[in-house]
Amino acid sequence: MDAAFWHQRWSENRIGFHQDAPTPLLLKHWPVLGVPRGARVFVPLAGKSLDMAWLAAQGHRVLGVELSQLAVGQFFAEHGLQPETETTRYGTHYRAGDIELVCGDAFALDADILRDCMAVFDRAALIALPPDLRRRYAGELYSRLPAGCRGLLVTLEYPQHEKDGPPFSVGGDEVQALYGRDWRVERLERRPIPRKHPGYVEGVSKLDTAVYALQRN
Ligand SMILES: C[S@@+](CC[C@H](N)C(=O)[O-])C[C@H]1O[C@@H](n2cnc3c(N)ncnc32)[C@H](O)[C@@H]1O
């Protein structure tokens, strides 16, 4: 899953992961985190997710990072926003209102830019990555978030031998192994996704989704 893979997915518009509404588990569980209005929320591997607009509507400042310029352009165009742009060592920043999207590699973000992110939301980011990158994502990128940072992580679980990812199956033991040293991890919910659901992963015999609350020690 290198950059070329994702650029090709966007250029061919093969974005079955994109949802035309905010993630229901975000709407349900975000309030329990108690993230104050005005807090900056990091959205890694953001795509053109409507979750960013929802978070901004809750009064948060959003910092997304996304490799694909097509995704970033579509996000702002589809919200009727004309972003200002600036190029830094992280990539090209697009800013409109309370939403800033960096078009660049998430792994190149350092503690400077993530310093005031008091929250994080991951849907289809960790599970988009193969095992070696998942370890870097949790062990390197998340280690640059500040103490006290809290967030939600949404995963999928299915028999991995039935299909190659992405999306990859990431179970509770792996979540604990990836985050448990530096983050307090609590599974809030795990539920089956019915076959008829548009988010069902074709080719797998069963599919569950889980959501975890994370808090950085
Ligand atoms: C499965 S999609 C999920 C997008 C979004 N979170 C959502 O829920 O719709 C994963 C996204 O991560 C982006 N991506 C993959 N690797 C990345 C990286 N290293 N840095 C930034 N974005 C990346 C891809 O271009 C793709 O848009």
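This is a predicted model: local features need pLDDT of at least 70, side-chain atom pairs count only at pLDDT 80 or more; totals for chains, interfaces and linings use all residues.
## Ligand site

The ligand is surrounded by 16 residues, and the closest of these are Leu45, Glu66, Asp105, Ala106 and Arg123. Sorted by class, this shell comprises ten nonpolar, three polar and three charged residues.

An N or O atom in the side chain of Glu66 is 2.6 Å from an oxygen atom of the ligand. Trp10 places a polar side-chain atom 2.9 Å from a ligand oxygen atom. With Leu67 the backbone is involved: one of its N or O atoms lies 3.1 Å from a nitrogen atom of the ligand. Of the 600 Å² of accessible area that the ligand has on its own, the protein covers 95%.

## Aromatic pairs

Nine aromatic pairs are present in the structure. In one of them, the ring centres of Phe75 and Phe76 are 5.2 Å apart and the ring planes meet at 85 degrees; because an angle over 60 degrees counts as edge-to-face, the pair is assigned to that class. Phe75 is buried, with a relative accessible area of 1%, and Phe76 is buried as well, at 2%.

Ring pairs also join Phe5, Trp6, Trp10 and Phe17 into a cluster.

## Glu157 in strand 7

Glu157 is part of strand 7, which spans residues 150-157. Its relative accessible area is 12%, and because this is under 20%, Glu157 counts as buried. The side chain of Glu157 forms a polar contact of 2.7 Å with the side chain of Arg190.

Beyond its neighbours within four places in sequence, Glu157 is in contact with Ser169, Val170, Gly171 and Gly172, with Arg190, and with Lys206, Leu207, Asp208, Ala210 and Tyr212.

## Pro44 in a loop

Pro44 is located in the loop that runs between strand 1 (40-43) and helix 3 (50-57). With a relative accessibility of 1%, Pro44 is buried. Setting aside neighbours within four places in sequence, the residues in contact with Pro44 are Val65, Val120, Phe121, Ala125, Tyr137, Leu141 and Tyr142.

Pro44 and Gly199 are separated by 155 residues in sequence, and the C-alpha to C-alpha distance between them is 20 Å.

Note on methods:
Residues are numbered from 1 along each chain as its sequence is written. Side-chain values use heavy atoms; hydrogens and water are left out. Helices (H or I, at least four residues) and strands (E, at least two) are DSSP runs, numbered from the N terminus. Buried means under 20% relative accessible area, exposed over 50%, partly exposed in between (1.4 Å probe, protein chains only). A polar contact is a pair of N or O atoms within 3.5 Å; within protein, one must be able to donate a hydrogen and the other to accept it, and residues adjacent in sequence count only if both atoms are side-chain atoms. Contact means heavy atoms within 4.5 Å. A residue is near a molecule or strand if one of its heavy atoms lies within 4 Å of it. Accessible areas come from the Shrake-Rupley method with a 1.4 Å probe; for residues, only the protein chains shown count as cover. Ala, Val, Leu, Ile, Met, Phe, Trp, Tyr, Cys and Pro count as nonpolar, Asp, Glu, Lys and Arg as charged, and the others, Gly among them, as polar. Rings of Phe, Tyr and Trp (its six-membered ring) pair if their centres lie within 6.5 Å; planes under 30 degrees apart count as stacked, over 60 as edge-to-face and the rest as tilted.
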